[in-house]
Structures are given as structure tokens and as C-alpha cells.
Amino acid sequence: MSADVTLESLTGGHHDVLAELRATSPIAWVPAVDGWVVTTRELAGTVMRDAVTYTVDDPRFSTAQVVGPSMLSLDGEAHARHRDPFAAAYRPAVVMARYADTIVTTARDLVAGIAGDRRAELRRQLAGPLAVAVVALSLGLEDIATNDLLGWYDRIVAAVENVSVGLPIDPSAAEAFAHLSDALASAVTRPDSVLHEAAAQMSQQEMVSNAAVFLFGGIETSEGMTANLLAHLLENPDQLAAVSADRSLIDTAVEESLRLEPAAARVDRYATRDVEVAGQHVRSGDLVIVSLAAANRDPAVYAMPDRFDLSRANARTHLPSPTGRMRASAPSWRGWRPGPR
Ligand code: HEM
């Protein structure tokens, strides 16, 4: 039991707190979050792979109550049925062929817009708009005004957060979801949309629910990832110089940045049965939080884990796995606050 860990300490400079937890046990009960927190790379991988013991299909997760069942809230065969139809559209080669040129142009335009100023807020002026533009493009929503899209997004996310603390769904969220559904219904007709092929393999409602999850899953995470990468490079001028001199290092820089500061800090599961884990007794129904932030700095796997290091050979082994799906879930995108899920 780690009674001295507070929500504030996890939210603030939480890496020290997580390191202390990890030093005591790979899994610890933290009353402040009313759940177990997993902090080692090995146990995090085990939990994320075991969808039978650790489920996402639990009514305490609120996203499904707002957007309907999707791959985010399902396990096993149901998860595969929702997820597999999108797999082809997300293959790296397909993504590159369809979107790379437009993404490069968008990024260059955004940089051109700030290049003349002596200062820029890179998250708000570059990372955020780029993330929104790319997600909208891939879904086929590029004709929707960004403010409309973000307005719907904010209202739906707020509803998910309300539901997670027992409040009713605000009618404005239902209205936003209806607008989004209409926009998605026409987006599926675009051959470049990731929804195009999938739409034929599932109901309209299922397609909309999963597309809403892409919206949640794609925007804040990508924005955070780009902003963190830029911060890591700017804080490490020698490594910035190395990347500038050798563009082939960009991939490694992205992976190492995702390891050091994953844009989704945790994923949540519920135990489906009583289980002994690293000497701790996890009971059926307990919340099990996998701290990706902690797992990715496990000193047993990553030497000098707090350093941003482009020469790190195993940077790519960070969680969540960049190549394979680990299981049926998506993150709590907003750090340590409860929900949305
Ligand atoms: C750097 C950016 C991103 C990060 C850090 C991130 C992080 C995560 C994490 C931690 C999970 C949970 C994995 C698990 O439980 O095993 C996840 C799943 C998911 N992410 Fe991302 N994500 C990113 C980008 C995106 C983008 C761009 C999209 C959509 C366009 C997206 C859509 C999803 C979906 C749909 C899932 C659920 C997958 C499933 O249930 O099988 N994510 N992501």
C-alpha cells in the first residue's frame, strides 16, 4: 500500500513518485487513485497482453456510454470485429502513400506562419493544428471547419468526463455527436478516408463509434507527442544538432521521445478475477492502472532512463508498442485525472 502517493504528486513531477513506487514493487495499491499501479516494463507488457484477466469491457469506463461500443471498450472477438476492418487503412505504407505529401505541406505552412516571429508557442501554434489537420484528413473530414470539429470534440470529451464522475450527459454533447455522425456519414464516401473500406464491414453506428474513438485517440496524443519531441530536442542542443545533420535520426528521436514522455501516460483495465501479481493480491473488479510513463523508464530495461538519448538501442521497445497492437483498449488520454475511457 502506498498511502503517501497523492493525485497531485502523480500529476506534477510524477516520475520521481513512480520511481519510488517501482522501487518497492512492480505493482502497488495507491489509495489516491483507488487502484493498483503497475510500474515495471515487464509487468506492464504482461497486463496489456492479457485481455482475459484485465478487461476494458467494464461499465465504469464511460466512453462507450457516450459514443457507443467500439474497439476501445471491447475485448476478444468483438474487439477484433471492430478493429480489423480498419487495419488495412492504417498500414504504414498506405498512410504514407495517402497522406505524407499533404502532411508535409501542412507542417511547412504552419512553420512558415511562425518563422518570422522571434517566439512561438510550439504546442498551440504547430503541434495542435497539425494533429487536428491530420486526423481530419485521414477521416475525410477536411472540409469541416477546424473550430466546429474541435467544438464537437470538446463537448463529447466533457460528456465522457461527466459520465465518469456520475453526472448526466449534457444535451449539447448529444447534439455534437449528431453533427459528427452526419459529417462521418458523408466522409465514408471519400476513397482516401480510413473509414471507406471499413464502413462496408460494419453498421453505420459502429463505424461512427469507432471513428469518434479515432478522433479522441488521435488528436491529443499526436499533439502531445510532437510537442514533447520538440521540447526534448530543444532541451538537448547537441542531439538537436545531430538530428539536423542527419535526418535519418528523426525516427529514433520520435521513438526515444515517446519512451521518455509517452503522450498517453497510462492505460486502465479492470481485473476479471482474483489474481496473485508479484506477491500482491489483486481482487476481481479492482482497477489496474498500467503506468506507461513508469514502464518506459524502468531502469532494468533502459539504462539511465531519465535521459533523452538518441543512441539508445532499445528505444523502440517503449509502450504502447509502436508496431503491434497489445490488446483491446485505448488510453486515458488525460494523464492521471479519472476518465475519460
Ligand atoms: C503518439 C501518438 C499516440 C499515442 C501515444 C497513442 C497511445 C495509445 C495507447 C496507449 C493506446 C492503448 C493501447 C493498449 O491499450 O494496448 C492506444 C490505442 C488506440 N489508439 Fe492511439 N496513440 C497515438 C496516436 C493515435 C492516433 C493518431 C490514432 C487514430 C488516428 C489513435 C487511435 C487509437 C485507437 C483507435 C486505439 C484503440 C486500439 C484498440 O483498441 O485496439 N492513436 N493509443
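Biologist: Where is Pro320 found?

Modeller: Pro320 sits in the segment after helix H14 (292-295); helices are DSSP runs of H or I with at least four residues, strands are E runs with at least two, and both are numbered from the N terminus. Mind you, this is a predicted model, where local features need pLDDT of at least 70, side-chain atom pairs count only at pLDDT 80 or more, and totals for chains, interfaces and linings use all residues. Residues are numbered from 1 along each chain as its sequence is written, and side-chain values use heavy atoms, leaving out hydrogens and water.

Biologist: What is the peptide bond from Leu319 to Pro320, cis or trans?

Modeller: That bond is cis, with omega near -10 degrees. Most peptide bonds are trans.

Biologist: Why are H6 and H7 called roughly antiparallel?

Modeller: Helix H6 (residues 92-115) and helix H7 (residues 122-139) pack at about 155 degrees, axes 10 Å apart. Axes are lines fitted to C-alpha atoms over the stretch in contact, and angles between N-to-C directions run from 0 to 180 degrees. Under 35 degrees is roughly parallel, over 145 roughly antiparallel, 65 to 115 roughly perpendicular, and the rest oblique, so H6 and H7 are roughly antiparallel.

Biologist: Which residues of H6 and H7 make the contact?

Modeller: With contact meaning heavy atoms within 4.5 Å, they include Tyr99, Ile103 and Leu110 of H6 and Leu126, Leu130 and Leu137 of H7. By class, there are 13 nonpolar, 4 polar and no charged residues (Ala, Val, Leu, Ile, Met, Phe, Trp, Tyr, Cys and Pro count as nonpolar, Asp, Glu, Lys and Arg as charged, the others, Gly among them, as polar).

Biologist: What makes E1 and E3 stand at the edges?

Modeller: The open sheet of 5 strands is ordered E1-E2-E7-E4-E3, with mixed pairing. Strands pair if DSSP finds at least two bridges between them. E1 (27-30) and E3 (54-55) each have a single partner strand, so one side of each lacks a neighbour in the sheet. E3 is joined to E4 (residues 266-271) by 2 bridges, running antiparallel, and Thr55 stands opposite Tyr270.

Biologist: Why is the pair of Phe61 and Tyr270 tilted?

Modeller: The whole structure has 5 aromatic pairs. Rings of Phe, Tyr and Trp (its six-membered ring) pair with centres within 6.5 Å; planes under 30 degrees apart are stacked, over 60 edge-to-face, the rest tilted. Phe61 and Tyr270 have centres 5.0 Å apart and planes at 55 degrees, so the pair is tilted. Phe61 lies in the loop between E3 and helix H4 (63-67) and Tyr270 in E4, so the pair ties together parts 209 residues apart in sequence.
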